[in-house]
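Subject: Structure handover

Hello,

I am passing this structure on to you. Please open it beside this email and follow along.

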Amino acid sequence: MPQSPDAPHLTPDEAMDLAVLLAAQGPVTGPNPQVGCVLTDDQGVVLARGWHRGAGTPHAEVAALDDARRRGIDITGATAFVTLEPCNHTGRTGPCATALADAGIGRVQYAVPDPGEASAGGAATLNDAGIPAMYAPHEGASTLTRRWHHAMSHGRPYVIAKWASTLDGRMAAADGTAFWITGEQARAHAHEVRAAVDAIAVGTGTVATDDPQLSARPPGSTSPHQPLRVVIGNRSTTGAQVWRDDNAIAIASHEPDEILAVLHSREIRTVIVEGGPTVLSAFIAAGVVDEVHAYIAPAILGDGPTAVSGVGITTMSGALRLSEVTSTPLGADTLVTGLVTEGT
């Protein structure tokens, strides 16, 4: 089997590490996950590599096969290291499990099972074709696909609840003013987070009061991606900035499950709920928040609306606890993030 002239010899773990690095080059937003694929011979020599570059483009496995063909490399009997189980359905592209089998791949190792109702089963298809397909968990691959995997497993977008508040938990002063609770570094970070999600959701009250742009404007970014702007509620917001183009939708329902179903039908995989407090509290009370981003400013108001209220928790034993908590200084402010553990 001819070897790629620049190919290193890799252990299976190293090959999957490389596949994760390749996957990370793909877009973080959109309906499809970031996936990477590395093809090696039985000595661990890299023969070809590929990654998914976005919806409608070849999946990582097909991109790797194309890479080998372009360079005239025979991959018969090769091992494919893929960060996600090869898909088993025809969507915008064909099934990757079939493509690998037709190309003569000898063995497949994947790091994350595909939870999709239609796309799962690629490993079984490969095994049925006499091509061993082995599941070998990999932390980097799991982290990379966590939000997408959660969305596909639950049939709804992954939900991040985000707010900015004072030390005493106020989102605004008693007179309604909220500009600016946090400083420039915290606001810049929030724009970076927006740039990595598919949608931003707020209530009509926030739109009417603040008239936000709801855009992603991270410093120095040239990315064209802008998340879908979602306005929740029945109140009229005609003329607000959110309606400046067609990248915005109104959802009249106040039920988080119904709102998320609409977004899922639009292939939204990650949504950040930015409030105000009525919307944030509704999503938390409904048990559909998966991650929390709280930007805390070193200020005290003593009055004004709180970030979250009325979620039905009356005792400390019932408090919603977070895991994998991080605390990040952002100038004078602090960002606290954490994952909401299922069942809490």
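Below is what was found, from the whole chain down to single residues.

Overall picture

Please note that this is a predicted model. The chain has 344 residues, of which 49% count as buried. It holds nine helices and 13 strands. Along its principal axes, the C-alpha trace spans about 75 × 45 × 35 Å.

Start with strand β11, residues 291-297. Six of its seven residues are buried. Strand β6 (residues 158-166) runs parallel to β11, and seven bridges join the two. In that pairing, A164 stands opposite Y295 of β11. Strand β13 (residues 333-340) also pairs with β11, but antiparallel, through six bridges. Here E291 has L339 of β13 as its bridge partner.

β13 pairs with strand β12 (residues 322-330) too. That pairing is antiparallel and has seven bridges. S323 stands opposite L339 in β13. L339 is also the residue that partners E291. β12 and β13 form a hairpin with two residues between the strands. G331 in this hairpin takes a positive phi near 65°.

Nonpolar cores

Which residues touch the most other members of the largest nonpolar core? They are L39, L65, I75, A80, I105 and V108, out of 41 residues in that core. Helix α1 (residues 12-23) supplies the largest share, six residues. A second core is separate and has 27 residues, including I251, L260, L263 and V292.

V108 lies in strand β4, residues 107-110. Is V108 buried or exposed? It counts as buried because its relative accessibility is 0%. Leaving aside neighbours within four places in sequence, V108 is in contact with A80, V82, P86, L100, L126, I131, P132, A133 and M134. Take A80 from that list. A80 and V108 are 28 residues apart in sequence, yet their C-alpha atoms are 4.7 Å apart in space.

Helix α9

Helix α9 covers residues 277-285. Its buried residues include V279, L280, S281, F283 and I284. What covers the buried residues of α9? Several elements do, among them β6, β7 (199-203), β8 (228-232), α8 (256-265) and β10 (270-275).

The largest pocket has a volume of about 1100 Å³. Its lining has 40 residues, and M171, V202, T206, D210 and E274 are the closest to its centre. Which elements give two or more residues to the lining? These are β6, α6 (184-194), β7, α7 (204-210) and α9. By type, the lining divides into 21 nonpolar, 13 polar and six charged residues.

Best wishes

Definitions and conventions:
Residues are numbered from 1 along each chain as its sequence is written. This is a predicted model: local features need pLDDT of at least 70, side-chain atom pairs count only at pLDDT 80 or more; totals for chains, interfaces and linings use all residues. Side-chain values use heavy atoms; hydrogens and water are left out. Buried means under 20% relative accessible area, exposed over 50%, partly exposed in between (1.4 Å probe, protein chains only). Helices (H or I, at least four residues) and strands (E, at least two) are DSSP runs, numbered from the N terminus. Two strands pair if DSSP finds at least two bridges between them. A nonpolar core is a set of buried Ala, Val, Leu, Ile, Met, Phe, Trp, Tyr and Cys residues joined through side-chain atoms within 4.5 Å. Contact means heavy atoms within 4.5 Å. On a 1 Å grid over the protein atoms alone, a cavity is a set of points where a 1.4 Å probe fits but cannot get out, and a pocket is an open set with protein on both sides within 12 Å along at least five of seven lines; lining residues have an atom within 4 Å of a point. Grid points are joined across faces, edges and corners, and a volume is the space filled by probe spheres set on the points. Ala, Val, Leu, Ile, Met, Phe, Trp, Tyr, Cys and Pro count as nonpolar, Asp, Glu, Lys and Arg as charged, and the others, Gly among them, as polar.
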